[in-house]
Amino acid sequence: MNKLKKGGRDMITYFDRARFMNDELYILIKAKYKTISNFAEVLETSSTNISIKLNNRSGMSREEIMTWCKLLDIEQSDIGRIFFSVAE
């Protein structure tokens, strides 16, 4: 499942292929912002971009994760469970 080439290049890991369960993120967005569009507006991005991320069609940078945590009041101790729960 894991493949590493010398120097860390071309690294393929379990998480590169994983589909993350984003149900809780969606619930938090709806609870605090009512719609994806409202959340996207606060982030100064499009609702399409948010949907792409929630549907595992694009990854998220560390900065994006930390921004989402701040906006959705996600505690640091919950980041792993909320952002990295892998769908079976």
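1. Arg 81 counts as partly exposed because its relative accessibility is 43%, where partly exposed lies between buried, under 20% relative accessible area, and exposed, over 50% (1.4 Å probe, protein chains only). This is a predicted model, in which local features need pLDDT of at least 70 and side-chain atom pairs count only at pLDDT 80 or more, while totals for chains, interfaces and linings use all residues. Residues are numbered from 1 along each chain as its sequence is written, and side-chain values use heavy atoms, with hydrogens and water left out.

2. The structure holds four salt bridges, a salt bridge being a side-chain nitrogen of Lys or Arg within 4 Å of a carboxyl oxygen of Asp or Glu. One of them joins Glu 24 to Arg 81, with the closest N and O atoms 2.6 Å apart. Glu 24 lies in helix H2 (residues 23–33) and Arg 81 in helix H6 (residues 79–83), so this pair ties together parts that are 57 residues apart in sequence; helices here are DSSP runs (H or I) of at least four residues, numbered from the N terminus. Glu 24 is itself partly exposed, at 30% relative accessibility.

3. Arg 81 also forms a salt bridge with Asp 78, the closest N and O atoms being 3.3 Å apart, and Asp 78 is partly exposed at a relative accessible area of 24%. Through shared partners, salt bridges join Glu 24, Asp 78 and Arg 81 into one network.

4. Another salt bridge, at 2.9 Å from N to O, brings together the side chains of Lys 32 and Asp 73. This pair links distant parts of the chain, 41 residues apart, with Lys 32 in helix H2 and Asp 73 in the loop between helix H5 (62–72) and H6. Lys 32 is partly exposed at 39% relative accessibility, whereas Asp 73, at 55%, counts as exposed.

Key:
Helix = DSSP H or I, 4+ residues; strand = E, 2+ residues; numbered from the N terminus.
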